[in-house]
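Please open the structure in your viewer and keep the selection tool at hand. The tour below goes from stop to stop, saying what to select and what is there.

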Amino acid sequence: MSEKDIRVDVHHIARVEGHGNIVVDVKNGELKEVKLDVVESPRFFEAMLVGRRFSEAVHITSRICGICSVSHTNASIKAIEDALGIRPSWQTETLRKILTCAEMIDSHALHGFFLAVPDFVGAPSVIPLASSAPDVVKTAIRFKKLAHDICDSIAGRHTHPISLIVNGFTNLVTEEQMLDLLVKTKAALERDIPLTIEFFSKLKIPEFERKTDYVCLTAPDEYALYGGVVKSSETGDYKPRDYKHKVAERVVDHSSAKHAFGPIQPYMVGALSRFNNNYSKLTSKAKETAEELGLTVPSYNPYHITLAQIVEIVHCLETAINLTEELLARGIKDERDEQPPIAGWATKLPDVKKSWGVGVVEAPRGLLIHEYKINGNGLIDSANCIIPTAQNLANIEVDMRKLVPGILNRPKEEITLLLEMLVRAYDPCISCSTHLLKVDFVE
Amino acid sequence: MQKPKVAFFEFTCCEGCQLTVLSIGEKILDLFGSVDVVNFREASSYKGQDYEIAFIEGSIASSEDIRRVREIRSKAKICIALGACAHLGGVNVIRNFHNQANVRKSVYGDKAWLFDSILAQPIDAVIKVDYVIPECPIDKKEFVRVVSSLLLGKKPFVPDYPVCTECKMKTNVCLYHKKNPIACMGPVTRAGCGAACPSVGNACEGCRGLIPDPNLGALEEVFKEYGVSTEDIMRFYRMYNGLMGVHK
């Protein structure tokens, strides 16, 4: 068996966001080439931002990604607030955190149920499951519906939020709406989680381990999704503004998405990194969920990303409930006079100085960094966005290089499936990562 | 009755419109029951080539995109532009107004030549488009309505009056009349979104494209009255409508 030639060539991997190809070449039993080609057309968002009003960046950059547009909006807002020295209120940040929870629930449900599960049940898509396992599909639909209800009420819409802007909202959610969301979120936790855990605990997750550098935000008092410092499991913590000293990006011939490398390169971002680094900050129900799914900390198996996402769905439901209860206890207040929000197309913008800011959040797929330089006319001089998938691409290739030699004795179809499942486990967001990134600023 | 075969394709975009399709709630089960989805890479690894209706998301931004969209047109009886990128070129068009060599170099440095990239265009710059579902991203209800119309053999309805009409019907306070006025393209933008953005207090950015014969002169007078500079007017127009005049 060891002398065989195998050529795996998966064109436009299905059930991932964006266009990528897997190429594996084995000659005489020896691994010659492993690549994850990114063939998405370049998108050039950083270049598009140059010369735009600083206030518009949130609406332009949300269009980087249809799945994680709340995360892009939050990262963009935080970068601008960092540059302008704006400190948003507790209420504003709490509402942003609830939106983050909703986006995690939506994105993880989409990935877990719609994109990953078909592999485990031998189906091409979730569509056959609609008749064979309707309860499971309906559960996924309910998670997504809940997430969209939360985003619709607080931000006007999930994909490309409308009212979520610098220093507040153009329209403030009411206490009645939040109370209604609270009831719905509690119902999801009670009704939909048990079935979810039962379903995912039965899936046979491929066995494979490779320890890497796990990178995510971390905070002393919470499971960091919205703020904190960046933690690398191998090299320690760094402040968001120092990211340039810690992340290097390179253009790779086969990828219109640049690859990002850390000091110990490459590294992983996303749900498994957060789970490994911040396990102790998860809610009690989330920890119980991990136990029921057989997920122990730390896990070095990238196929476990999907399970870590299920744990995070539970964590985010509980966190959204806790934050909403606290918000309602304090009462929702109109703060526009003390904290004037800045709409993208406000006819008059506040005067700004030449400034620079960095915004970092956890998107569903991992660490997301936006950085802008703003000139004295309030226009963006340069922008840089570091996308989770760009950070994971190099790590996926190293995983594939370790995985392939161990499974060469299996049929080609099985090798192909295991490779596709590996790429899908990372839940890559390819069209996000191809608008890419310039590393050096032109002064 | 045989179920129509439907396919979804995406070009340069965020795939938010297809994700909106996946987020229409329980109606998605009805959708999958009444059509035969043969190609939906975002959601399925089955790649059928025998489709009659093609929903096409994203703008054309590389020579490979041109080849691929022509191939889709040659196979499909009906091609539908899904969302602002396919319909208008979307926000991708913003970069058309920059020096392309600089844009490419700023992102990919001396390896810029490796990546195939052309000016961003709507799909009807390359192929004939039968229907459009506008907006960034598409509206869930409008998508369901268009699919229902197609299944009934009817021409989908898209309004040709402005967003202002829907905004007034909702009795919203005009954004220009707020304490901190916000510039809004509602007077010239095609309705159908239910004035989604002004209803939550933010500007209509024109993502559904312009109405027929828009009175841009009158809008520009309003902009000027509120102190919006000519440069800012150009920025607003170029958010979604940079190709107006070039593209019909």
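**Stop one: two helices in chain A**

Helix 12 of chain A passes helix 13 of chain A in a right-handed crossing, where right-handed says that the near helix is turned clockwise from the far one by less than a right angle. Before you select them, note that this is a predicted model, in which local features need pLDDT of at least 70 and side-chain atom pairs count only at pLDDT 80 or more, while totals for chains, interfaces and linings use all residues. Residues are numbered from 1 along each chain as its sequence is written, and chains are lettered from A and ligands numbered from 1 in the order in which they are written.

Select residues 388-407 and 412-425 of chain A, which are helix 12 and helix 13, and you will find them packed at an angle of about 155 degrees with their axes 11 Å apart. That makes helix 12 of chain A roughly antiparallel to helix 13 of chain A, a term for angles over 145 degrees. The axes are lines fitted to C-alpha atoms over the stretch in contact, and angles run from 0 to 180 degrees between N-to-C directions. Helices (H or I, at least four residues) and strands (E, at least two) are DSSP runs, numbered from the N terminus.

Now show the side chains of A:Ile396, A:Asp399, A:Met400, A:Leu403 and A:Ile407 in helix 12, which meet A:Ile415, A:Leu418, A:Leu419, A:Leu422 and A:Val423 in helix 13; residues are in contact if their C-beta atoms, placed from the backbone, lie within 7 Å. These residues divide into nine nonpolar, no polar and one charged.

**Stop two: where the chains touch**

Colour chain A and chain B separately, and look at the 53 residues of chain A that are in contact with 56 residues of chain B. On the side of chain A, the largest share, four residues, comes from helix 6 of chain A.

**Stop three: the sheet in chain B**

Which order do the five strands of the open sheet in chain B follow? The order is 2-1-3-4-5, and the pairing is parallel, with two strands counted as paired if DSSP finds at least two bridges between them. Strand 2 (36-40) and strand 5 (131-133) of chain B stand at the edges, each with a single partner strand, so one side of each is left without a neighbour in the sheet. Select strand 4 (residues 78-82) of chain B as well, which pairs with strand 5 over three bridges, and find B:Leu82, whose bridge partner in strand 5 is B:Ile133.

Technical notes:
Angles under 35 degrees count as roughly parallel, over 145 as roughly antiparallel, 65 to 115 as roughly perpendicular and the rest as oblique. Two residues are in contact if their C-beta atoms, placed from the backbone, lie within 7 Å. Ala, Val, Leu, Ile, Met, Phe, Trp, Tyr, Cys and Pro count as nonpolar, Asp, Glu, Lys and Arg as charged, and the others, Gly among them, as polar.
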